[in-house]
Amino acid sequence: MRWEEFKRAAKEFLFGLFYFDLYWETRKEAAKLRDAVNLLIMGELLGLPLMTTPIMLRLLPYLLPEIEGWKQRQLRERDITEEVPETV
Amino acid sequence: MQVAFLETPSLWIIGALVAYGFAYYVYAKWVDEHIWEVSEKKVTPAHMYLDGVEYFPVSRYVLYGFQFKSIAALGPILGPFIAVAYGWLPALIWIVIGNMFIGWVQDYSTIMLTVRNEGRSMGPLVYNAIGERGRKILLAYLLFYLLIISAVFIYLVSLFWNVFPGSFIATIGIIITGLIVGELLYKYKANIFGVTALAIILTLISVGVGTAVAWPPKDFFGPWSIQVWSIILAIILFVGAIVPLPKFITPMNFVAVFPAIGGVLLIIFGALISPATGMKLIQPAFKGWYVQNVGPIFPILFVSIACGAISGWHSLVSTSTTGKQLDVETDARPVGAGAMLTEGLLATSALAAYMVVSPDLIAKGKISAFVNGATLLTAPFLGGDASKAYLLTFFSIFLVIYAITVQALVTRYWRVFSAELFRGSWEWLGNKYVATVIGLILPIIFALTGSWINLWIYFGGSNQLLAAMALTLVAFYVAKMNKPSWYSAVPAAFMTIVTLSALLWEIYTFGLSTFGIKKPLAKPPLTQYPGAAWALNALFFVIGIVLFVLGIYMSYALWSAYFKVRKGEVEAKAVSP
């Protein structure tokens, strides 16, 4: 059991050391693109005159699981110091 | 055998390990339990604001690896090079003491600050403590600090390319590998482990080609070599700053992490087994209180080793990223304190690399000392003399790749920072292309003086001053929680005094040349143009004064806020919900 725990810890440490940065950056980039699509689809409901088409309305159900996270990302307090490069 | 053991760096590395163990298992544990009173039951921002992108809980082991990767850069590797000019003993003492009582305190506490303040980063935390003006001054301070960082790294990469023939080809090889990896990952959705294997193989081949071809020869561009290299580097950085992240910087940094972390692990291992490999200490333990062209041991020693003992930049990383992903509060100690103390081990091992090289190299200020030392430490278990040429290129590319990946991010950050700063007025200065060009030209101008030791001390001084601010901020919030704040306030006071003194020393140094008392600090070919050399020295003089004034303001405002809380003039209340 202890050996299993050690193996898991080592695996997770190596993931953090070598892959987590790439994983997170990719996740952030994907979120930026998704947020743009979300805005296109939901824009009219938010009062932006985007002339949303019925096709876009058909995409609305796919958006539902994302709405909470999207709302939080858009509304949360942001500061330029959050963007600092990690390594100096 | 015992004498041989005492004559090797390993004894000191093991001693440092014991000290770091004490700091982690005794001191940090006490602070964790008695001051912050961490609890697994308290909800962290990662759960409170879970959005899957910025906020999401991450395992402590993953976060520890990520935090270490994020904070371990050139600071702990190059800093000891300047410090060892006073002898290895003062450098070792500062690394150990700095890590034990200051370094982890800042990294751990700033993570806790974010966790207990709803995931807020440094800017809003400063705003809450000293108001909008304080936050703006912090941003202005960071702007000048970014300039200094850029000047240091642009100069260092240009210098490495010039000094180590072959490192340029290897760098280009790694950049091309990054581009290939980016396409494979993002366009063709290739398997990550296959791509990793390919990246490592291509990186090793790049180093091999660099070693075999060793082109261009040293001083390829004549007396203007470093200046020409800096322009070539600026072109690469310009591209990195304006193209989308997944196209260039993200995959390049992903590829670079393997040689960078690989090099770090090799150096630590080499230093630990030095009794078996026969590497002996040949640097004197103590050389003197004052070193020509560097300065007095106080305050220079404490700012020359920045990230290896304490670094203000870590507080920005801790508050902007790590604090938002902490699963439970009890993870803050292994992640914040653990990663910083591991970085302390890296700084100690880098110091070991300088302990085994000729004192002449250090005395002459030859930056190649690290490359030589690292090669001496690692060659015995990596093939002996046959591998030395390859290892020399590897460790030179190790330095280059660290500096270039950091600088690519810093240049990009400068652009984003400028866009934010000039929103509403002088917007053209925040334009994508204009900001990037300014963010590259200014550091190149600074780097023209060729005085990298002075640049490094400015960098170390301003970086450590940021640490002093972060520690004071921590003391403010801890006092607000009605808890003993001395554990952060005492290091904060020490760092404030040290860093302001170091900045004053550099202002004095450049002041002497600005007012004609001494010759301007300059290296060929700038020495042929005394007017330009003087102007650059005067510019440094002014930059130093600006950094000093901004630093004084921030220190005054933060300390005033702290004492107001202590006197009960500000309502003391628990910060945690």
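Biologist: Which handedness does the crossing of H6(B) and H14(B) have?
Modeller: This is a predicted model, and H14(B) covers residues 312–320 of chain B. By the definition above, the crossing of H6(B) and H14(B) is right-handed.

Biologist: Which residues make that contact, and how many of them are charged?
Modeller: From H6(B) come B:Gln106, B:Asp107, B:Thr110, B:Ile111, B:Leu113 and B:Thr114, while H14(B) gives B:His314, B:Ser315, B:Ser318 and B:Thr319. Sorted by class, the contact has 2 nonpolar and 7 polar residues, and the number of charged residues is 1.

Biologist: Are H6(B) and H14(B) roughly parallel or roughly antiparallel to each other?
Modeller: Two packed helices are described by the angle between their axes and the distance between the axes. For H6(B) and H14(B) the axes are 8 Å apart and the angle is about 30 degrees. Angles under 35 degrees count as roughly parallel, and therefore H6(B) and H14(B) are roughly parallel.

Biologist: How many residues of helix H5 of chain B are buried?
Modeller: Helix H5 of chain B runs over residues 75–83 and is mostly covered. Its buried residues, including B:Gly75, B:Pro80 and B:Phe81, pack against H6, H13, H15, H17 and H20 of chain B. The count of buried residues in H5(B) is 9 of 9.

Biologist: What radius of gyration does chain B have, and which value would a compact globule have?
Modeller: The C-alpha trace of chain B spans about 65 × 60 × 55 Å along its principal axes, and buried residues make up 58% of the 577 residues. With that number of residues, a compact globule would have a radius of gyration near 25 Å, which agrees with the value for chain B, 23 Å.

Biologist: Which element gives the most to the side of chain B that touches chain A?
Modeller: Across the two chains, 43 residues of chain B are in contact with 31 residues of chain A. The elements of chain B that give two or more residues to this side are H4, H7, H11, H14 and H18. By class, this side of chain B has 28 nonpolar, 11 polar and 4 charged residues. The element that gives the most, with 9 residues, is H4(B).

Key: Residues numbered from 1 in each chain as written. Chains lettered and ligands numbered in written order. Predicted model: local features only at pLDDT ≥ 70, side-chain atom pairs only at ≥ 80, totals over all residues. Buried ≥ 20, exposed ≤ 12 C-beta atoms within 10 Å, placed from the backbone. Helix = DSSP H or I, 4+ residues; strand = E, 2+ residues; numbered from the N terminus. Contact = placed C-beta atoms within 7 Å. Axes fitted to C-alpha atoms, helices over the stretch in contact; angles between N-to-C directions. Parallel < 35°, antiparallel > 145°, perpendicular 65-115°, else oblique. Left-handed = near helix turned anticlockwise from the far one by under 90°. Nonpolar A, V, L, I, M, F, W, Y, C, P; charged D, E, K, R; others polar. Rg over C-alpha atoms; globule rule 2.2 N^0.38 Å.
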